[in-house]
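Good morning, colleagues. Please look at the structure that I am about to show.

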Amino acid sequence: MDQELFENLRLELRRGCLILAVMAALRTEQYGYTLRKVLAEQGLTIDEGTLYPLLRRLESQKLLVSQWREEEKRNKRFYRLSADGKQILKQLLVEWQNLNSSLNDIL
Amino acid sequence: MKMLDRYLQAVGFWLPKAQKQDILAELSEEIHSQIDEKEATSGHPLDEAGLEAILKHCGNPLLVAERYLRPQPFIGPVLFPVYRFVLKMVGLGYLVPWLLVWICLLIFDPAYRAANPGLGQIANLSTLWSIIVNSFFFITLGFALVERYRLKSWLLKDWSPRKLPAVRDPNRIPRSNSIGELSFGILFSLLWVNLLGGRTEYVFSSTRIILASDWIYFFWALLILSIVNIGFSIINLFRPYWTRARATFRMLADVLGAGIFAWFFKARLLAGIETPSLAVTKAQELTAQINHILERIFPFALAAAAIVFAVDVYRIARIGDTRRSAG
C-alpha cells in the first residue's frame, strides 16, 4: 500500500515536470524517438505510452506544432514549440524557479 | 513484422476512428526506431523474441490506446474503450434492429396500426426507451464494479504479443465464406429444383399442398437468384477481394433477393391444404392462417433487409475510403 501511495505521488510530481522538460527540449525540433533519447540522456526517462499522448495534448493546446516529414526513408512526425508555446514556457520557467527556490528554503 | 502489424491492429481497435491512422503511424515509427537501435547495437536483424520484448515493453494494446483517450469520470480510462465498445455493440446488435422492426411494422402492417391507434404507436416506444435505460444502467454498473474492485488489473495482467489476433484485411473475402456460400448455393438449387420442380401442387404422404399460380414466378426468381449467387461465390473464391463493382453487384443482388422475399410474404401464395384428417373448413382456416402469418413476417423481413442493405452500403463506402487512403 505504501509503495502504491509513493508511486502515485511520484507520478503526480513527475507529471508537471515532464511537461516542462518536453516543452523545453522542443525549442529544437525533434521527433518522438529522438526526444525520448534527449530526455533520457538528461536522466528523465519517459516511456512512449506517456510521451506521445502528452505531445498530442500539447499540440491540441497549440503549444506545439508538428509536421510529418520523410527522414532516413521513413515518415516521422517532427514537433517543435509554437510561438504560444514559447511564451507559456517562459512563464512556466519563472514559476518553476520560484517554486524551486521556495521549496529549497522550506526543505 | 507480422507481430508488429497485429500489435498495431490491436491498439487501433480501441482508438477513435478520426485519430487512429495518425496515432498508429507515429507508434509504428517509434517501434521501428527501437528496432533499428537494437539491430545497430547487436549487429544482426532482430528476431521475433526481440520484437516481442519491445512490444511487451510498450504495453498491453488496450492500455496503450487508453492513454490517448480523454479521461472519463465514472468508468476509468483503462476500461472506457471496452465500455464504449460494449455499448456500441448493444446499440447496433439490438436497439437499431428493434427500432427498424417497429418502423416497418408501423408502415407496412395495418393490423399493428389498428391495434395501436393514434398515440398508442408512440407509446410503444416506451418499451425501447426502457430497454435503452436498462441496458445502459446494467452495463455501466457492471463496468463500474469492475473498476471499483480493480478487476481490470486481473483482466489485463496476462498478455502476449504472440497471442494477438492476425491482421484482418476488411476487403479480403475469406475463402471459407466463399466455399460455404458456394456449397449452400449448389445444394439449395439442386433441392429446390428436385423437390419443388416448378409445380404448384405437392403431395407429402397424404397431405396435398396447393399453391397459387404466381408461385411459379417465385420459384424461377429464387432459382435465378441462387444461380447468380453461385456465380458470385465462384468469382469470390478465385479473386477474394472486394472491389467497388463487386460490392455494388452484391448490393443489387441483395436488393433483388429482398424484393423477391417481400413479394413472397405478401402474395398469399398458399392456395389450399387438403388432408384426410382435416375438415375442408378447418383446412381453409389453416390456409388463411398460414398466409396471415407470412404477411405478419413481412415487416421483420423488411427490417432484416434494411440491415443487410446498410452493411452493403457500408462495404461500398469502405472500399472508397481504402482507395482514398491508398491514394
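This is a predicted model: local features need pLDDT of at least 70, side-chain atom pairs count only at pLDDT 80 or more; totals for chains, interfaces and linings use all residues.

Residues are numbered from 1 along each chain as its sequence is written, chains are lettered from A and ligands numbered from 1 in the order in which they are written, and side-chain values use heavy atoms, with hydrogens and water left out.

In the interface, 17 residues of chain B are in contact with 19 residues of chain A; contact means heavy atoms within 4.5 Å. Within that interface, B:Glu26, B:Glu29 and B:Glu30 supply 37% of the area that chain B buries against chain A, more than any other three residues. Buried area is the accessible area (1.4 Å probe) that two parts lose on being put together, summed over both. For chains B and A together the figure is about 1,600 Å², with 43% of it on carbon and sulfur atoms.

Eight salt bridges are counted between chain B and chain A, each being a side-chain nitrogen of Lys or Arg within 4 Å of a carboxyl oxygen of Asp or Glu. One salt bridge joins the side chains of B:Glu30 and A:Arg36, at 2.5 Å from N to O.

B:Leu145 counts as partly exposed because its relative accessibility is 42%, between the limits for buried (under 20%) and exposed (over 50%), with a 1.4 Å probe and protein chains only.
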